[in-house]
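Visitor: I am new to this structure and would like a careful, close look at a single part of it. Please begin with the whole before turning to that part.

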Amino acid sequence: MNSNPIPKSYDSRATEERWVHFWEEHDFFVADNRSPAPSFCIVMPPPNITGSLHMGHALTTTLQDVVVRWKRMHGFNTLWVPGTDHAGIATQNVIERRLAEQGIHRKDLGREKFEQIVWEWKEKAEKTIHHQIRKMGFGCDWTRVAFTMEPRMSRAVREVFVRLYEEGLIYRGEYMVNWCPRCTTAISDLEAQHEPEQGRLYYLRYPLRDFAGEIVVATTRPETMLGDTAVAVHPDDDRYRDLVGKTAILPLLGRELPVIGDSFVQKEFGTGAVKITPAHDPNDYQAGLRHKLPFVQVIDELGMMTPQAGPYAGLSRAQAREKVLEDLSRQGFLVRQEPHSLSVARCQRCSTAVEPLVSTQWFVKIAALAEPAIQAVESGRIRFVPSNYEKVYFEWMRNIHDWCISRQLWWGHRIPAWYCRQCGQMQVCRTDPALCSRCGAGQLQQDPDVLDTWFSSALWPFSTLGWPEPTRDLEVFYPNSVMMTGFDIIFFWVARMIMMGLHFVGDVPFRTVFLNGLVRTEQKQKMSKSKGNAVDPLEIVEQYGTDAVRFTLSVMAGSGTDIVFSTDRVIGYRAFANKIWNAVRFVLLNLPAGASAVESEEMEALASKGLLTVVNRWVLHRLNVTVGEVNETLEKFRFDEACNALYHFFWHELCDWYLELSKPVLNQRSGADVEQTVKTLIYVLDMSLRALHPVMPFITEDLWQRLPHRGVSLAVARYPVARPAFHNADAESELSRIIDFVTAIRTVRSENNLDPGRRLPLEVMASQDDAGCVERYLGPILALARLSGIRTVEALQEDRTHLRGFSGIGQFALISEEGSDAGAEAERLRKDIARLQQELERQAKKLSSPEFLQKAPAAVVESARERRADLAGKLDKAAAELRRLDGA
């Protein structure tokens, strides 16, 4: 037997780093843009350089690695581009907080020094992120690593900006934007997240000039009344029809306000009359434009009241609200207040309440870009998985607004626009200009704003491949094959990539969009550092091993569902890793000296010539069905189904049954059965490790290298496929009956609390064919079911010492002096019947699916039909036994 030493247990810490270096030293993950093989490309959603990877990154990137490794093993020329994102506003916030801890403000440093500090941070953060990516075993092409602000990316960004400007699709103007007083920058509609909050609705009395009476308005923001320039009512509201054209007086400040009629007013809201503050509300802004109202800004960029607010100047928004309400009440203008549910827009990055402000910003005219992007999905050139997200995509794209792309930050891609101090001319250029294009003066000043981070991210699928240069990478790997990311950034990123790819490269950026769910805590809350419930994936990896974490994330990644992460699940799949190790270790310790690798062609020849035992034919059949199912489900991004199939085969079929059934053969030491069983063991373990490798790369590589094998690495070995020669319905039927028989006996023992180590006699009612089947496997059945003997009978005795059960072989009775409980037995049968009916319905549903029948391998379909027939037979026997008990 083989004396090759293999440790008793798997040590992930001692193993993983070694294999990372091995893979990278051999350039297994470096794509060849001259390869004749079909290409498969994914660009990694670039993590922000704000810190380390979180569990959401671990999920998305694990699933990407599973697909890339799987495709590589199928012979594709795979490219997986890694990279990081400069994350303008998020990174600047991190650095500003760190400086604030030292009592430093960025303005104390100046822009150049501040940018230098951020670049230093970037180098450290990027190094940490790259280490974490490697630690997780992610097989990226590090020769093509990218950063969104490196020179080649900056060139692409400028090219896009200038082209859009030249095409009239980028413009600069004064419009209302979402302003974050904490970040002191404009943010997009998507970055202003609306959260339901409990506020109050205030009813304020506005006196009418030259007219006896008053008009009562309702508002949720009384502090903004200081900027009111009108009162509005619906023109068809009979209550106020006569007041349109009159003049109201603004309480506290005494400003005269026209009463206007505008159909945007909701008659049922409050009193049906609203105050109009064009400088601080999006709806009021539009009303102000329609009615040519003055714009009075009473809140500034820091969220403080301006001199226009009169005696309230210098107060914060909250302080102003308190003081205004106090004065309104004291002067008799506050009619009443009541609780009111409202939606408050908050900055995605810092959760500060957003202030609508009129500001000069840069915008992209988005409608012209959106229409082709809608058509690309409608026509099927891009498909979403799960498909229900297409509806979400269409709803947003068909109601899209111009994109505010300028940010009042220092960290990011500087807007390529320059202003002449001499003549005021503005010029937008691909390269930094030295002279004014109109007057020739050299006094130019670049626009201080930077671009929205998502502007450069939108170019990621083609800028990483060398665009705007016509590179070989761009020719071979664009469009990318699939974009895999979280569903929460469909609008921020996915939609914009589609628009930019179509406009600048002339084709979709990717063929498929796979959207995974969020990783949540055991309490089903979203993980968040601010909540203190975030889990560091590297800490879990250090404790349980990378493969266990990767398998946990993959097996829980059901289509369209969030993952409720639990360390208990990781512990469970660490046990699976140990099971794999122990199984291969057992085989290695029992291999004869000189055992060699077995190729698929050799195994197919043995199977085709009928030279294999039924047990060996059965395990090859089950392997065949499993790899067919795994390939099919991975093609559809059903990671959970693929992992469950692998888990079930390796643990429950290969380990629980095949290895146990093979032990008596291996103990014979020599002979034809031993030789073919050794070959089958080597082959099945080889293929099993290949099948598991995309999900569990470290332990599978380590074990594969210990097994007899051909090739340099599992990372580039061929992935198993279903082979017709291995399909064997007869072996499946025979071994399934034996497995079902042993399982049923074990169930009866367990439910009657019998000593698991005590051997008992058994009687069985079986047909001649079934009795022959039992006879052929008598030794393994006695050992696995802990029986002292089996006797075939024509009828079972009606005796309480006969503990009855049923299986596909037939009804049986374990003979034990403890006896049985008829009531408990009936209850067990009812549970069995319910379980069998549920499973039968699942199989029937699968077999009624045209998609399954057309696309699944023939062996998989045949296996499903056999399973349905087997379940129906078991159900009939269980029902008959229950009727017997009920009639007793």
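Visitor: What percentage of the 888 residues of the protein chain count as buried? After that, please take me to the largest cavity and tell me what lines it.

Guide: This is a predicted model, in which local features need pLDDT of at least 70 and side-chain atom pairs count only at pLDDT 80 or more, while totals for chains, interfaces and linings use all residues. Residues are numbered from 1 along each chain as its sequence is written, and side-chain values use heavy atoms, with hydrogens and water left out.

Of the 888 residues of the protein chain, 56% count as buried, where buried means under 20% relative accessible area, exposed means over 50%, and partly exposed lies in between, with a 1.4 Å probe and protein chains only. The chain holds 28 helices and 29 strands; these are DSSP runs numbered from the N terminus, helices being H or I of at least four residues and strands being E of at least two. Along its principal axes, the C-alpha trace spans about 110 × 70 × 50 Å. Among contacts (heavy atoms within 4.5 Å) between residues at least 6 apart in sequence, 77% join residues at least 24 apart.

Now to the part you asked about. A search of the whole structure finds five cavities of 30 Å³ or more, a cavity being a set of points, on a 1 Å grid over the protein atoms alone, where a 1.4 Å probe fits but cannot get out. The largest cavity has a volume of about 50 Å³; grid points are joined across faces, edges and corners, and the volume is the space filled by probe spheres set on those points. Its lining, made of residues with an atom within 4 Å of a point, consists of Ser-600, Leu-623, Asn-624, Val-627, Tyr-683, Met-687, Pro-720, Val-721, Arg-723 and Phe-726. Sorted by kind, the lining residues are seven nonpolar, two polar and one charged; here Ala, Val, Leu, Ile, Met, Phe, Trp, Tyr, Cys and Pro count as nonpolar, Asp, Glu, Lys and Arg as charged, and the others, Gly among them, as polar.

Helix H19 (614-635) and helix H21 (672-692) each supply at least two residues of this lining, and the largest share, three residues, comes from H19. Helix H21 also contains Ser-688, which is buried, with a relative accessible area of 3%. Leaving aside residues up to four places away in sequence, Ser-688 touches Leu-623, Phe-649, Phe-650 and Leu-654, and Leu-623 is one of the residues lining the largest cavity.

Thr-546 belongs to helix H16 (residues 546-555) and is buried, with a relative accessible area of 0%; not counting residues up to four places away in sequence, Thr-546 touches Glu-16, Lys-135, Met-136, Val-541 and Phe-698. Glu-326, in helix H8 (residues 317-330), counts as partly exposed, at 45% relative accessibility.

Strand S26 (residues 760-764) is mostly covered, with four of its five residues buried. S26 pairs in the parallel sense with strand S27 (residues 787-792) over five bridges, and Pro-761 has Gly-789 as its bridge partner in S27. Strand S29 (residues 811-815) is joined to S26 by three bridges and runs antiparallel to it, with Glu-763 standing opposite Ala-813.

S29 has a further antiparallel pairing, with S28, over five bridges, in which Ile-815 of S29 is the bridge partner of His-802. In a regular strand, side chains alternate between the two faces of the sheet. In strand S28 (residues 802-806), five of five residues are buried, with His-802, Arg-804 and Phe-806 on one side and Leu-803 and Gly-805 on the other. Four residues separate the strands in the hairpin of S28 and S29, where Gly-810 takes a positive phi near 150 degrees.

Notes: On a 1 Å grid over the protein atoms alone, a cavity is a set of points where a 1.4 Å probe fits but cannot get out, and a pocket is an open set with protein on both sides within 12 Å along at least five of seven lines; lining residues have an atom within 4 Å of a point. Two strands pair if DSSP finds at least two bridges between them.
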